[in-house]
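Hi,

Here is the structure I promised to send over.

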Amino acid sequence: MNKDQFWQIIDSVHAGSGGDMDRKCELLKEELATLEDQELREFIDHFDSADAAAYTWPLWGAAYVMHGGCSDDSFSDFRATLISQGRAVFERSLAEPESLVELDFADEEAVCLEGFQYVKDDAAKEKLGEIPKRNVDFPNDPTGPEWDEDELEQLFPKLSAKYSGGNDRDASPPPDKPWWKFW
């Protein structure tokens with residue numbers, strides 16, 4: 001399986017899901033069940049490569065703004081959600097994270113939905129009897145320029161405007177964000 005075939009599967013799953021992540025997971029599981037063992041291993045490698053490529057400070061900053069805070073676990077979920085959006089969205093967001101402003105999520109939780117990244121592992125357990133050893137090196141640290149939380153509104157003005165919800169002092173702080181940084 002080459003990179004184009006990997007993205008054809010992802011794009012097909014995204015198109016058939018109507019944007020529903022549970023449906024995406026079901027459709028991906030069905031697609032992966034039809035692959036030969038080696039194709040499944042190669043799919044996993046391509047997924048892992050995309051995940052590693054998205055491990056950047058700029059994307060983490062965008063996720064932080066969109067999610068109202070973003071732990072390392074949430075950022076892992078964000079990267080999987082981003083991959084699930086398809087090749088065009090994925091590649092554009094790598095080049096320009098603020099392009100994510102064009103996506104519409106049901107709420108900030110939908111930005112970092114957990115689950116899509118586990119479908120490949122579940123398929124491997126069923127088909128291969130185990131999850132294959134990771135063949136793709138994952139960086140120890142995100143790539144790109146680091147940011148400070150105070151800079152995010154400047155770095156991502158469109159995302160900040162879309163996801164900030166205004167300065168509602170009666171709102172509860174997001175769970176990932178200390179209350180003193182919320183106001």
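Let me start with two helices: α3 crosses α7 in a left-handed manner (the near helix is turned anticlockwise from the far one by less than a right angle; clockwise would be right-handed). Before going on, please note that this is a predicted model, where local features need pLDDT of at least 70 and side-chain atom pairs count only at pLDDT 80 or more, while totals for chains, interfaces and linings use all residues. Residues are numbered from 1 along each chain as its sequence is written, and side-chain values use heavy atoms, without hydrogens and water.

Helices here are DSSP runs of H or I with at least four residues, numbered from the N terminus. α3 covers residues 37-53 and α7 residues 116-128; they pack at about 160°, with axes 11 Å apart (lines fitted to C-alpha atoms over the stretch in contact, angles running from 0 to 180 degrees between N-to-C directions). The two are therefore roughly antiparallel (over 145 degrees).

W7 and F90 make a tilted pair, 5.2 Å between centres and 35° between planes. Since W7 belongs to α1 and F90 to α6, the pair ties together parts 83 residues apart in sequence. W7 is buried at 3% relative accessible area (buried is under 20%, exposed over 50%, partly exposed in between, with a 1.4 Å probe and protein chains only), and F90 is buried too, at 4%.

Best wishes

Terms used: Phe/Tyr/Trp six-rings, centres within 6.5 Å; stacked < 30°, edge-to-face > 60°. Parallel < 35°, antiparallel > 145°, perpendicular 65-115°, else oblique.
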